[in-house]
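Hi everyone, thanks for coming.

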Amino acid sequence: MQYHQNGFSVGDPDLMPAAPGREQAGPLRDGSTMDVLVVGTGPAGLILAAQLSQFPEITTRVVEKRDGPLQFGQADGLSCRSMEMLEAFGLSEILLRESYWTSETSFWRPDPADADRIVRTDRVPDTEPGLSEYHEVIVNQARLLDLLMQVMVKSPTRLTPDYGTEFVGLEVDDPHAADADESYPVRAVLRRADGAITVRTKYVVGSDGAHSAVRSAICAPMHGDRTNTPWGVMDVLAITDFPDIRLKSFISSPHGNILVIPREGGHLVRIYIELDQVDITGLASPRDITREQMVETVNKVLAPYRIDVKEFAWTSIYEVGQRLTERFDDLTPESPAEAVPHVFITGDACHTHSAKAGQGMNVSMQDGFNLAWKLGAVLRGQCDESLLRTYSTERQQIAQDLIDFDREWNRVLDSDPVRFQTLFAEQGRFTAGVATHYRPSRLTGGADHQHLAAGFVVGERFHSAPVIRVADARPMHLGHVARADGAWRLYLFADAADPSAADSRAAALCDHLTESPASPWRRYAESGGDPAEVFDVRAVYQQDHRDIDFGQTPALLRPTCGALGLTDYEKIFAPDLRSPGTDVFDMRSVNRQSGALVVVRPDQYVGAVLPLDAFGELDAYFADILRPTTVPSRTGANRATHSDHRTPRAPLASARNY
């Protein structure tokens, strides 16, 4: 990470200076205004709030009806993709230190010689090698939320949730009405212990769970079904002779199925238990099954092994269900083509499914991350409001894929343990979170030039690879340079020419960006904005890092930064040639003769792969997304030191009242 750009200082480098007037958020009052109101402090809501908190010109408030932070979360698994995303918030190292790593998975089935005994049938890597630099990890959801709130409170906006505040309802102004508020068109009613208040906001994000009040407010019902199979889940501290208690384990027996998920800390373990064979005579519903009955079922399935529970940390009973909304925002099929959304839902508010595939929290956070950068770009004047229509379009299809996957996952787990083991191997990309593929759109280009960098698939997440930073010879992962700052990444994989050659394709692209009036870089510079806040340009040369003369590379790759005009030494990289198989050009099949430009969206998904000299295609790609802006520059001083600024808002195209 970089700091000291604006002068030497001591202390926690993650603690950013508070923006003027944002040192401490005042209480919500009747009539308070804000840019974004986030309802709910689950993973989807807080990942979005953490992103928006980085922008001092955006006012965000988070409300939660609980009286305080979650103490023990239901979800626990973080996929490889989620870890890649959380690296952008600086959280991966602490999560890796505290979490359980799911390195291997074991499978157990009845012994062919004695069906009342289980035997291990296989033990396999949990994640296919090469899918990501990260493992899937297990950590308490409450701990993850705590870390995200630390990011928020250390941000320039010092954002903290407003607890004990319940969302009641909302109304979007008719722009043609005499009393319409064009700046803050959404009125939201909130209820606290001291009574109800009404606040004004530009956008509302409902991250308030499966029983979402925001979803109800925009009349977006859930559709789907539930099975009749009850499952129990318990987090326990226990003593057992089951040999794989510290491995993720799928266990099938004539007495039912269980899934063992070791938890962080070396002792805690989570067990999912199929309860359809439990005698519920005298009980009002399966939800009245006792902890003792769950343990009894586990011991029947584990035979000849036993488990002795010493302490229950958390238990719950639920029925598997797959449900989905038809839309993730307040636009309806009847909305005019030019209408833009002002209310959004994320996570469990728009899709629910079983917990056994470990995708709920992960897909929910991807919802929040997808929406966050788009809200940030619109509110900061970088994009027009039509960008916000892409949130529902992109994420609704991903949620449908999850529902379909979860339905098949549960069907096979319940009925065919042999097939389930095969499915586990076949669906490794999905469970790792790296199977998401956005279809061609204004944000995601086509595959015309995919052959130039076949390993960076357009529409999929940027697949990081090891590199060497030229200036200080530091080995690192290229994807780890990306921060949750709303910027687009332009990765220039250089052609075979000498890095100091003025006529190389890489140098020509740098010249085009800074000199051509048609380039997106110049369009931002000439309109008074700072293009360095919109585009993060990095270059990867093919030569050994020792053979690259840093001072002879294009000036765009050696920019000045901060109030003192210091040189940024962290834009130029070389392949890691220390051992076979670690050259990024080979790993990601980048054309060595011509090189390639890989354009990466702020949410880390590849937007386009282009030739280095495809200037017109590059300019056209961004012309359809970004607009020239007059946002205040934050290069001359730390962005947290600038005054609050809000972008003027265009009149609403239509009204939706609820």
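Helices α11 and α14 cross in a right-handed way; a crossing gets that name if the near helix is turned clockwise from the far one by less than a right angle, and left-handed if anticlockwise. By helix I mean a DSSP run of H or I with at least four residues, by strand a run of E with at least two, and both are numbered from the N terminus. Before I go on, this is a predicted model: local features need pLDDT of at least 70, side-chain atom pairs count only at pLDDT 80 or more, and totals for chains, interfaces and linings use all residues. Residues are numbered from 1 along each chain as its sequence is written, and side-chain values use heavy atoms, with hydrogens and water left out.

Back to our pair. Two packed helices are described by the angle between their axes and the distance between the axes. For α11 (residues 505-515) and α14 (residues 615-623), the axes come within 11 Å and cross at roughly 45 degrees. Here the axes are lines fitted to C-alpha atoms, for helices over the stretch in contact, and angles run from 0 to 180 degrees between N-to-C directions. The two helices are therefore oblique to each other; under 35 degrees counts as roughly parallel, over 145 as roughly antiparallel, 65 to 115 as roughly perpendicular, and the rest as oblique.

Which residues make the contact? Ala-508, Leu-509, His-512 and Leu-513 of α11 meet Phe-615, Leu-618 and Asp-619 of α14, where contact means heavy atoms within 4.5 Å. They sort into 5 nonpolar, 1 polar and 1 charged.

Now let's move to α1. Helix α1 (residues 43-52) packs with α4 (residues 141-153) at about 20 degrees, their axes 9 Å apart. That makes α1 roughly parallel to α4, and the crossing is left-handed. On the α1 side we have Pro-43, Leu-46, Ile-47, Ala-49 and Ala-50, and among their partners in α4 are Leu-145, Leu-148 and Met-149. This contact has 10 nonpolar residues, 1 polar and no charged.

Helix α1 also packs with α7 (residues 360-379), at about 30 degrees and with the axes 7 Å apart. That makes α1 roughly parallel to α7, this time with a right-handed crossing. Residues of α7 in this contact include Phe-369 and Trp-373. The tally is 12 nonpolar, 4 polar and no charged.

Domain 1 and domain 3 have centres 33 Å apart, taken over C-alpha atoms, with bounds from an automatic or database domain assignment. How many residues are in contact there? Phe-369, Trp-373 and Gln-382 supply 56% of the area that domain 1 buries against domain 3, more than any other three residues.

Last, two backbone details. Ala-303 and Pro-304 are joined by a cis peptide bond, with omega about 20 degrees, and Pro-304 lies in the loop between α6 (291-302) and β16 (307-325). Arg-158, in the loop between α4 and β8 (162-163), has a positive phi of about 50 degrees although it is not a glycine.

Methods: Nonpolar A, V, L, I, M, F, W, Y, C, P; charged D, E, K, R; others polar. Buried area = accessible area lost by both parts, 1.4 Å probe.
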